[in-house]
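Please look through the structure shown here, and then read the report that follows with the structure beside you.

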Amino acid sequence: MLDTFYNEFGYGYVPQWHRDVMDIEGTYLDDPRHLLLVAVHGGEVVATTGVRSGGPVHPPHPRHLAERYPAYSTAQLVRVYVRPDHRRRGLARVLVGAACDFVADTPGYERVYLHTNTNVEGAEAFWRSVSEEVFDARGTGEHGPGVSTVHFEIPLPVSGRTAVTAGAVPSR
């Protein structure tokens, strides 16, 4: 995940944004409402997707988003990343679908929230294919120069598997 911050995002590790990466066990494994999915290929991590309880925090995010997505009832998708050489094979769609299924099966969650840096190649198109935009923050500069953020919500399934995974089969 650290490679993502340095190589993909270009701004490196930012403690107030990336604390969870330094405490994987405490953040994702010790809390039954949290989840970290990791895809491994050839002994290397090629994709990740995480779920943490809590919505966007104000600041840096707008107050209206923090109010719309309260901590306990909001599942936030985080650390959704696929290495460039493994993209366009359905891997992110499968991991996000599994994460949404986890959220749907976890008591107390009412919404799935996420935000993305649209400067990452393919990120915005992917999220628009599986979620609904709730706020385009590109003009606000909420994360500073060079970070173009858009906020999204994924509707929770009423029952059964989420639509995110429907028809997605990763190719080898």
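Arginine 88 is exposed, with a relative accessible area of 85%, where exposed means over 50% relative accessible area, buried means under 20%, and partly exposed lies in between (1.4 Å probe, protein chains only). This is a predicted model, in which local features need pLDDT of at least 70 and side-chain atom pairs count only at pLDDT 80 or more, while totals for chains, interfaces and linings use all residues. Residues are numbered from 1 along each chain as its sequence is written, and side-chain values use heavy atoms, with hydrogens and water left out.

Arginine 88 is found in the loop between S3 and H5, and these labels refer to DSSP runs numbered from the N terminus, helices being H or I runs of at least four residues and strands being E runs of at least two. Most residues other than glycine have a negative phi, and most peptide bonds are trans. Arginine 88, although not a glycine, has a positive phi of about 70 degrees. Arginine 79, which lies in strand S3, also has a positive phi, near 55 degrees, but this residue counts as buried at 17% relative accessibility.

The backbone oxygen of arginine 79 lies 2.5 Å from a polar atom of the side chain of threonine 48, a polar contact being a pair of N or O atoms within 3.5 Å; within protein, one must be able to donate a hydrogen and the other to accept it, and residues adjacent in sequence count only if both atoms are side-chain atoms. Threonine 48 lies in strand S2 and is buried, with a relative accessible area of 7%.

| Peptide bond | Form | Omega |
|---|---|---|
| Histidine 58 to proline 59 | cis | about -20 degrees |
| Proline 59 to proline 60 | cis | near 15 degrees |

Glycine 54 is found in the loop between strand S2 (44–53) and helix H4 (63–68), and it is buried, with a relative accessible area of 9%. Not counting residues up to four places away in sequence, glycine 54 touches Ala71, Thr74 and Gln76, where contact means heavy atoms within 4.5 Å.

Which residues of helix H6 are buried? In H6 (residues 123–130) they are Ala123, Glu124, Phe126, Trp127 and Val130. Seen down the axis of H6, these buried residues fall within an arc of 160 degrees, so they line one face of the helix; the arc is that of the directions from the helix axis to the C-beta atoms. The buried residues of H6 pack against strand S3 (74–82), helix H5 (91–104), strand S4 (111–117) and strand S6 (149–154).

Arginine 33 lies in the loop between helix H3 (24–29) and strand S1 (35–41). The backbone oxygen of proline 107 lies 2.7 Å from a polar atom of the arginine 33 side chain. Leaving aside neighbours within four places in sequence, arginine 33 is in contact with residues including Val51, Tyr72, Phe102 and Tyr109.

Taken as a whole, the protein has six helices and six strands, which follow the pattern α-α-α-β-β-α-β-α-β-α-β-β along the sequence. Buried residues make up 46% of its 172 residues. Of the contacts in the protein with a separation of 6 or more, 65% are between residues 24 or more positions apart.
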